[in-house]
Structure formats: C-alpha cells, structure tokens
Amino acid sequence: MEGSNREDEAPPRLIRGERGWWLLGPGGVARLGDAHLTPAGALRPDVERGLREQGLFTVRPSRSYSLTVLTATACNLGCAYCFQNLDQDDGGTSPPRIASVRLTSGVIAEILTFVGRRQAESGMDGLLLTIFGGEPLMNPRGCRELLERAAGYGLRRAGMVSNGTLLTPRLARQLADLGLRYVQVTFDGDRPDHDRIRVRRTGGGTFDAIVGAMAAMTETTSIRCDLRVNVSPQNVAGIDALVERLAAALDPSRCTIHFARVGDAGVGYEDTLAYSDDLADRFIRWQRRALDLGFAVPRPRVRRPCNACSYRDGKYGAVVNPDGALYSSWTTAGRPELRVGTARDGYLPRERTDDRWFTCEDTYGRSGDRREEARFRDRVDAAHLDHLSATGRLRA
Ligand code: SF4
C-alpha cells in the first residue's frame, strides 16, 4: 500500500442484486442493468467512462488526520478471546494482559505536538479521534483531557471504543460537552451467551450493565451508540433474540448496529463458523429486522485503505499507546516488540519496522478461505443494498 496516492482511484465492487447489479465505488453506489456489462461480465467502456466522470471511482482525500489513542491498556473485563491477552486464562476470569499503562498530561502534549507536525506535512487541518483501550474509561481524566486539548487541532469527530460498563450519565455528559460523538460497544450474543463470554475480571456478566449505560447515555446526551455484534459459533443461535432485546431496551433511532463474524483474534480463540449461505442468510435477516426496528445499519462500502495502518510512518493517521509509543495498528498496540516509534521522536527507520508493520483486521474476520469470504460478503451486501433501495433508505 506504500506509495498509494489518496487522490487516486480505487477499484469498484460489482455485485449481483435482485434486479441487476450494484456497483460500489469509493465515490458512491450505482445500480446497473445487464445491458451495462459486456458478455464477460465487465463494465462496458462507455458506462465505465460515465461512472468515472460522476466521480464514482474517485477516492476523496481526507483533510483530517486519523488518530487512535489508548488512554489505558488495563480493562475491568476478562474476555477470554481478547487480542490483548498474553495467554489463555486458566478457567477463571483473569487472563494475563499486556502491561498496564495510563495516559498522562505529558504524553498528551507529546501526541498532539506529533499530530500538529503530521497535519502540517500532509496539508491537513482536521482531526478524527478514536479513544481506545484496554478500557479507555479506566482513565476518565485522560479521556477528558485528551478531548479538551484535541479541540485545538481541528477536532472534527471523536468517538470511543469502550466496553460500556464504566460510563455513568455524569461522565457521558462531560464527554459529550467535550465533543464525543459516538461510543462503540460490543455484544457477544444475546444475554445468556454474552454473560458467559464478556465477563468482569471479578466475575459475573455485563449485558445489563452495558445496555443500562447506553440507554442512559442516549437519554442524557447527544452521543450516538454504535452497537457491534460479534457473531461466533458460541452465540449465533441467539442473535435474532438479541436484536429484539436491544430494540426493546434502547432507542434504536440513536443507535447504529453492525454484525461481525469474529475472526481468530485472541490467544487460543478457535473460530469455526464457516462462510456458508446459511450464515449469509442469517446476516441478511438480522440486518433487515434491525432496520425495521429503527436501527441504522451502515450501507456496504468498498474497502478503502486505513489511514493508520495502510500508509507507512503515520502520514495520514497513527495509533499511540498511553506511554507515547507508536504502533502500526490497534491490534499490535501495547506489545513492545512491535513498537514502531514514539510520539516524541517519531518513527524508527524503515529497516527496523518492516517486520513490525501489521494491518488491522477486516470487518468479517481474518480466518478462512478468501474466496468463500468474498462470496459471503457479496451475498450479504447485495441483499442489504436491495433492501435499502426497496425501502427508500439508499443514499449514495
Ligand atoms: S472488554 Fe475489550 S479490552 Fe476488555 S477484555 Fe474484553 S475485549 Fe479485551
């Protein structure tokens, strides 16, 4: 990916829908008929020209730097599959984790000075901030201070990936006042499954605590809730019931929901859910039901390069540990052997980071056959576009 020109074009995706074809490009989506394709299934040259002129293939360069900051690497939960675990748990609820570090005022200053330099070098004037952990709210002061000081760097959008259990209404109001726009939380299935998988380090499930915190957050602030549903062999049977339960407990109009087949992310976490037509049909059913219940379900998009991990040396984005160490992606953060630099001194020489540069996992997980995965994605995404179009929800 090194050397990619962000003002360049990205290849579109052409997928078969119920009535014709969907063309997904970085610049939008178009519906095509069989007459728009050659007998071999490629775009006709004149059609391709027209779509290009409409900007469908054009990657619009972002004017904002993408920054992910871990405010704490510790977590109050002990999920067995967590990619930040260093070993399997021994049947209890406390798998060993990456070293615990908290973000301090001094490191925030170093990070933002680093960001200012990168913005100037890349001609950017905005900032997209993701607050990450561990559990970021293990360090609420660090979250508040980071948001407050990021405002001086053109903060355009700020979100947090949290387990949700520590978010009180008071803290949510403070974070909203400082510019936090969304919080992403994860559900590991319907309540019985989730409460077996997403457990406190002190023991006990977390389903009701997360739902309660998200309900209170959307009632008392303008922060939107982004619900990620992990789908695995352990919970797939309960996802229909989960969608109904979430709709009953939350305000769906304030929530986005997306379903993610979980890849093999953590130590000893075995993923055996195949990319079958049956699984695709389940995804399609969950997405349609969620839309009918009032949730937003993101429309499919083409894969675009990730601002942090797709470009070397933090040109358009960076991931920073609470101690100021730079990492290529959030999946490697907190592992000293994969550090690629520091906010204070910049990136290490290329020859020292070549074997440390990893990319973040994709939406549907990383394991399994790539062709099966692509077929699965096409089936799910085409059905979603068909439904969005049929219900008047499709916007390019
Ligand atoms: S809540 Fe997130 S960070 Fe904490 S143990 Fe679970 S997966 Fe890991």
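1. "Buried" here means under 20% relative accessible area. With that cut-off, the buried residues of α3 are G142, C143, E145, L146, L147 and A150. Keep in mind throughout that this is a predicted model.

2. Now the α3/α4 pair itself. Helix α3 covers residues 140-150 and helix α4 covers residues 169-177; they pack with their axes 9 Å apart, at an angle of about 20°. Angles under 35 degrees count as roughly parallel, so α3 is roughly parallel to α4. The crossing of α3 past α4 is left-handed. On the α3 side the contact uses P140, C143, R144 and L147, and on the α4 side L171, Q174 and L175. Sorted by class, that contact has 5 nonpolar, 1 polar and 1 charged residues. Note that C143 and L147 turn up both in this contact and among the buried residues of α3.

3. Next, α6 against α7. Helix α6 (residues 207-220) and α7 have axes that come within 10 Å and cross at roughly 40°. That angle makes the two helices oblique to each other, and α6 passes α7 in a right-handed crossing. F207, V211 and A215 of α6 make the contact with L242, R245, L246 and A249 of α7. By class, you get 6 nonpolar, no polar and 1 charged residues there.

4. Helix α7 (residues 239-249) also pairs with helix α8 (residues 277-292): their axes come within 10 Å and cross at roughly 10°. These two are therefore roughly parallel to each other, and the crossing of α7 past α8 is right-handed. Which residues of α7 and α8 meet? From α7 they are I239, D240, V243 and E244, and from α8 they are R285, W286, R289 and A290. This contact splits into 4 nonpolar, no polar and 4 charged residues.

5. A word on cysteines. How many disulfides does the structure hold? The count is 0. Two of the cysteines are worth a look anyway: C79 is buried, with a relative accessible area of 9%, and C309 also counts as buried, at 4% relative accessibility. C143 is another buried cysteine, this one in α3.

6. Last, a loop residue. L348 lies in the loop between β13 (346-347) and α9 (350-353). Is L348 buried or exposed? At 15% relative accessibility, L348 counts as buried. Leaving out residues up to four places away in sequence, L348 touches R339, V340, G341, T353 and R356. For a sense of where L348 sits relative to another part of the chain, take Q54: the two are 294 residues apart in sequence, and their C-alpha atoms are 41 Å apart in space.

Terms used:
Residues numbered from 1 in each chain as written. Predicted model: local features only at pLDDT ≥ 70, side-chain atom pairs only at ≥ 80, totals over all residues. Heavy atoms only, no water. Disulfide = S-S within 2.5 Å. Buried < 20%, exposed > 50% of the residue type's maximum accessible area, 1.4 Å probe, protein only. Axes fitted to C-alpha atoms, helices over the stretch in contact; angles between N-to-C directions. Helix = DSSP H or I, 4+ residues; strand = E, 2+ residues; numbered from the N terminus. Parallel < 35°, antiparallel > 145°, perpendicular 65-115°, else oblique. Left-handed = near helix turned anticlockwise from the far one by under 90°. Contact = heavy atoms within 4.5 Å. Nonpolar A, V, L, I, M, F, W, Y, C, P; charged D, E, K, R; others polar.
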